[in-house]
Amino acid sequence: MVGSLPSVMERFGLVGLPNAGKSSLYNALTGGGALAAPYAFATKDPNIGVAKVPDDRLDRIGVMSKTKSLIHASVQVVDIGGLVEGASKGEGLGNKFLANIREVDAIVLVLRAFEDDDVPGPSDPLEHLRVVEIELALADLETVEKRLNQATRQAKLDKTAAGELEALQAAYDALSQGLPLYRAGLKEEWSETLKPYFLLTNRSVLAVVNVGENELDKIPDVEKIVRDEFSTAGANVEVIGMCVQLEAEAATIVDPVERAEMLEGFGLGEGALFRMVRSAYHLLGLRTYFTTGEKETRAWTFYAGSSAPECAGRIHTDFQRGFIKAEVIHWDELLEIGAWNKAKDVGKIRIEGKEYHPEDGDVMEFRFNV
Ligand SMILES: Nc1nc2c(ncn2[C@@H]2O[C@H](COP(=O)(O)OP(=O)(O)OP(=O)(O)O)[C@@H](O)[C@H]2O)c(=O)[nH]1
Ligand SMILES: [Mg+2]
């Protein structure tokens, strides 16, 4: 969606079978205290928290400006209760569960691959995927079926309803084969037409495969198995393998150097959490611009495709209303020059007007008048 931004943060929801590791992942992302326990439906009501979006560019601009305060972009994470076979017919947490999913903007499927005798449930990620997708698709099928009947009647009276009928028919065909819409290859305009129905599977998806702590070397293989499964229907779904337990333990280490050492010790590089949050952020259609100064250096979130005044409005509505112009330079060029004022002196700060569409990584200052 391009246009005015909602006052609430964009949110993604963690969806999967019981004991997949959703609450553990939520805790790792938000530092939150959600109950993670080895029994089904440990989570009943959703936990909602905020995850910081790590950004190396922000850190570097902050150092350049000798800034006192560094503020990251953030997104909301919702930890949803586990789903079981039959959820679309009311089994387990049933409808409550489905309602919670309707409220998120993008879905992160958490698929379990770890084995642990103390934690019940299957450890085959494809089995997790199969059950989750069938239930989501069945729930959507029910909605679409009702709408399709209405739209068929309506289309006979009103020719303008034909487009909607076509979109619903395409959705019906995919869903009745058990195929979620995010991997049905629907035309962009059909997905748009279907938006008002708040279908569960008509939204972006990312998959996390939770691999056991003693099988870290298998991460690439497991990722590939799940990725291949998605691509059978021609869908391009990003798949990130990680050991949620280890990532969660690392996340509790406050000192960044110690944390990096622990992850490095397991051969996990910077860890997969960072990569996951960045992916989720992009999946939500979000981009970042920066403001910088001695007092504060900050990452601001905007929707891909927004105009400069809309981006300014992220800081304050006055900035949008009274927008005059933006002073802009891309982050890497600014770093190379070494200071905002110097960049200005050498004529590298561009002046952009209302029609400008900021790019991810722009550093900006706004001029406004109210
Ligand atoms: N061995 C091992 N255990 C894990 C891992 N990730 C999670 N667990 C354990 O698995 C159990 C279930 O994890 P949760 O995070 O509560 O799972 P959930 O998906 O939130 O489960 P529900 O809320 O019941 O749907 C807990 O006891 C976790 O400690 C892992 O990578 N390895
Ligand atoms: Mg849970």
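These are my notebook entries on what I looked up in this predicted model.

**Ground rules**

I number residues from 1 along each chain as its sequence is written, and I letter chains from A and number ligands from 1 in the order in which they are written. In this predicted model, local features need pLDDT of at least 70, side-chain atom pairs count only at pLDDT 80 or more, and totals for chains, interfaces and linings use all residues.

**Entry: domains**

I looked up how the protein chain is divided. It splits into domain 1 (11–125 + 198–283) and domain 2 (305–368). The bounds come from an automatic or database domain assignment. I find the C-alpha centres of domain 1 and domain 2 lying 33 Å apart. Four residues of domain 1 are in contact with seven residues of domain 2. Contact here is C-beta atoms, placed from the backbone, within 7 Å. On the side of domain 1 that touches domain 2, I read two nonpolar residues, no polar ones and two charged ones. Nonpolar covers Ala, Val, Leu, Ile, Met, Phe, Trp, Tyr, Cys and Pro; charged covers Asp, Glu, Lys and Arg; the others, Gly among them, are polar.

**Entry: around ligand 1**

Which residues come nearest to ligand 1? Of the 26 around it, they are Ser23, Ser24, Thr43, Gly82 and Gln245. A residue is near if its C-beta atom, placed from the backbone, lies within 6 Å. By class, the shell around ligand 1 holds 12 nonpolar, 11 polar and three charged residues. Helix 1 (22–30) and helix 8 (244–251) each give at least two residues to this shell. Helix 1 has the largest share, with three residues. Helices (H or I, at least four residues) and strands (E, at least two) are DSSP runs, numbered from the N terminus.

**Entry: helix 1**

I then checked helix 1 for cover. Nine of its nine residues are buried. Buried means 20 or more other C-beta atoms within 10 Å of a residue's own, exposed means 12 or fewer, and partly exposed is in between, with C-beta atoms placed from the backbone. The buried residues of helix 1 include Lys22, Ser23 and Ser24. Just after helix 1, Gly31 takes a positive phi of about 70 degrees.

**Entry: strand 5**

Why do I call strand 5 (residues 106–112) largely enclosed? Seven of its seven residues are buried, so the rest of the structure largely encloses it. Both faces are covered. Ala106, Val108, Val110 and Arg112 are buried on one side, and Ile107, Leu109 and Leu111 on the other.

Next I looked for its partners. Two strands pair if DSSP finds at least two bridges between them. Strand 1 (residues 11–15) pairs with strand 5 in the parallel sense over four bridges. Gly13 stands opposite Ile107 there. Strand 6 (residues 204–210) also runs parallel to strand 5, joined by seven bridges. Leu109 has Ala207 of strand 6 as its bridge partner.

**Entry: strands 10, 11 and 12**

Strand 10 (residues 323–330) pairs antiparallel with strand 12 (residues 362–368) over seven bridges. Ile329 is bridged to Val363 in strand 12. Strand 10 also pairs antiparallel with strand 11 (residues 350–352), over three bridges. Ala326 faces Glu352 of strand 11.

**Entry: cores**

Which residues have the most contacts inside the largest nonpolar core? They are Val15 and Ala280, in a core of 75 residues. Such a core is a set of buried Ala, Val, Leu, Ile, Met, Phe, Trp, Tyr and Cys residues joined through C-beta atoms within 7 Å. Beyond residues up to four places away in sequence, Val15 touches Ile80, Leu83 and Val132, among others. I also found a second, separate core of 23 residues, with Leu58, Ala73, Phe290 and Met364 among them.

**Entry: two single residues**

Leu83 sits in the loop between strand 4 (73–79) and helix 3 (94–102). Leu83 counts as buried because it has 27 C-beta neighbours inside 10 Å. Not counting residues up to four places away in sequence, its contacts include Val15, Phe97 and Glu135. Leu83 and His128 are 45 residues apart along the chain, and their C-alpha atoms are separated by 9.9 Å.

Ala51 is placed in strand 2 (residues 47–53). Ala51 counts as buried because it has 25 C-beta neighbours inside 10 Å. Leaving aside neighbours within four places in sequence, Ala51 is in contact with residues including Leu29 and Thr30.

Note on methods:
Two residues are in contact if their C-beta atoms, placed from the backbone, lie within 7 Å.
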